[in-house]
Amino acid sequence: METYSVDIKKDEEGYLGRECPECEKYFKIKPGTGIPDFADCYCPYCKKFAPQDHFWTKQQIEYAQSVVLNKVSGDILKMMKKVETKPKRNQFISIGITVKGNPTPITYYSEKELEEKVECKNCTLQYAIYGTFGYCPDCAAHNSQQIAEANFDLIIKILDLAKDASPDVKVKLIENGLEDCISVFDGFARERCCKQYPKLSFQNIYSAKQKLDESGINIPEGLNNSEWSFVVKQFQKRHLLAHKMGVVDEDYIKKTNGDHKQLGKKVSITETDVTTLIIHLKVIVSNISKHVERS
Ligand SMILES: [Zn+2]
Ligand SMILES: [Zn+2]
């Protein structure tokens, strides 16, 4: 059997398309980044582990086959052209052969655009996936902590922009920043804990803590009591923003040991509240990453 090798091109950004032999989902990696000369690959979605050459996409294989067929059929046609003969005169029977036809065409393809581009913090591989969360195709590290941290840093950048905004816009951006912090945390923790605690919401961090306590995981490990109370209070503020137009109610006062004089007033949220919350949430995110294996 003859073997041909076909060059599979990277896309304009240097990514190579991949398809998992197990779940058949599509992703991309940037050759030259990540673990040097790593001959194997993890699927970022299902963690299937196999040699790199098991991850060709159907389109790449179809393309490679068509390139080979194109070459082989072209060669055959050329060979046949050489034996092409014209009828000669003065012979008893004269048969001419004319060779017609074209080599089989090449099936071209292009790589797809993907939603999330990640550079693995652990091994520096650059990869692209559908959705947001996944495993690194080189080192299998789950990207949930990295994605959460990047989103927290984005909130801080938006707060920086808020400094020059008009007072009403500034208030709104800070409130949005607080809500975003809780959304990022909830998205991260749900993803991280989806196997062990499939229905647990992390928008109420106090009850989430109690639930994880049962498994011996202390999510505020490293924070002191007043820092933890501060975190719980910011989550309660978000609850007011989301459900009460930011107006303080009895429930809020009870849960935060608040002052009754605040009842019926708008809750105040400062930029420092949000940036301090982010510092503490990063600690909690790292604790959850450490103790809850995303398997
Ligand atoms: Zn897979
Ligand atoms: Zn990695």
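**Helix packing and backbone features of the predicted model**

Helix α5 (residues 225-243) has 19 residues, which at 1.5 Å a residue should span 27 Å, and the end C-alpha atoms of α5 are 27 Å apart, in agreement with this; the expected span is 1.5 Å times one less than the number of residues. Helices (H or I, at least four residues) and strands (E, at least two) are DSSP runs, numbered from the N terminus. The model is predicted: local features need pLDDT of at least 70, side-chain atom pairs count only at pLDDT 80 or more, and totals for chains, interfaces and linings use all residues. Residues are numbered from 1 along each chain as its sequence is written, while chains are lettered from A and ligands numbered from 1 in the order in which they are written.

The buried residues of α5 are V231, Q234, F235, Q236, K237 and R238. A residue is termed buried if 20 or more other C-beta atoms, placed from the backbone, lie within 10 Å of its own, exposed if 12 or fewer, and partly exposed in between. The cover over these residues of α5 includes α3, α4 (205-213), α6 (250-256) and α7 (271-291), contact being defined by C-beta atoms, placed from the backbone, within 7 Å. Just after α5, M245 adopts a positive phi of about 55°.

The axes of helix α2 (residues 144-162) and helix α3 (residues 167-192) come within 10 Å and cross at roughly 180°. This crossing makes α2 roughly antiparallel to α3 (an angle over 145 degrees, taken between N-to-C directions of lines fitted to C-alpha atoms over the stretch in contact, on a scale from 0 to 180 degrees). The residues of this contact divide into 11 nonpolar, three polar and four charged, where Ala, Val, Leu, Ile, Met, Phe, Trp, Tyr, Cys and Pro count as nonpolar, Asp, Glu, Lys and Arg as charged, and the others, Gly among them, as polar.

Within α2, I155 is buried, with 22 other C-beta atoms within 10 Å. Residues up to four places away in sequence aside, I155 touches G177, D180, C181, V274 and I278. The C-alpha atoms of I155 and C181 are 7.5 Å apart, although 26 residues separate the two in sequence.

Most residues other than glycine have a negative phi. D37, in the loop between β2 (26-29) and β3 (40-42), has a positive phi of about 55° and is exposed, with 4 other C-beta atoms within 10 Å. A140, in the loop between β6 (126-129) and α2, has a positive phi near 70° and counts as partly exposed, with 16 C-beta neighbours inside 10 Å.

How values were computed. Angles under 35 degrees count as roughly parallel, over 145 as roughly antiparallel, 65 to 115 as roughly perpendicular and the rest as oblique. Two residues are in contact if their C-beta atoms, placed from the backbone, lie within 7 Å.
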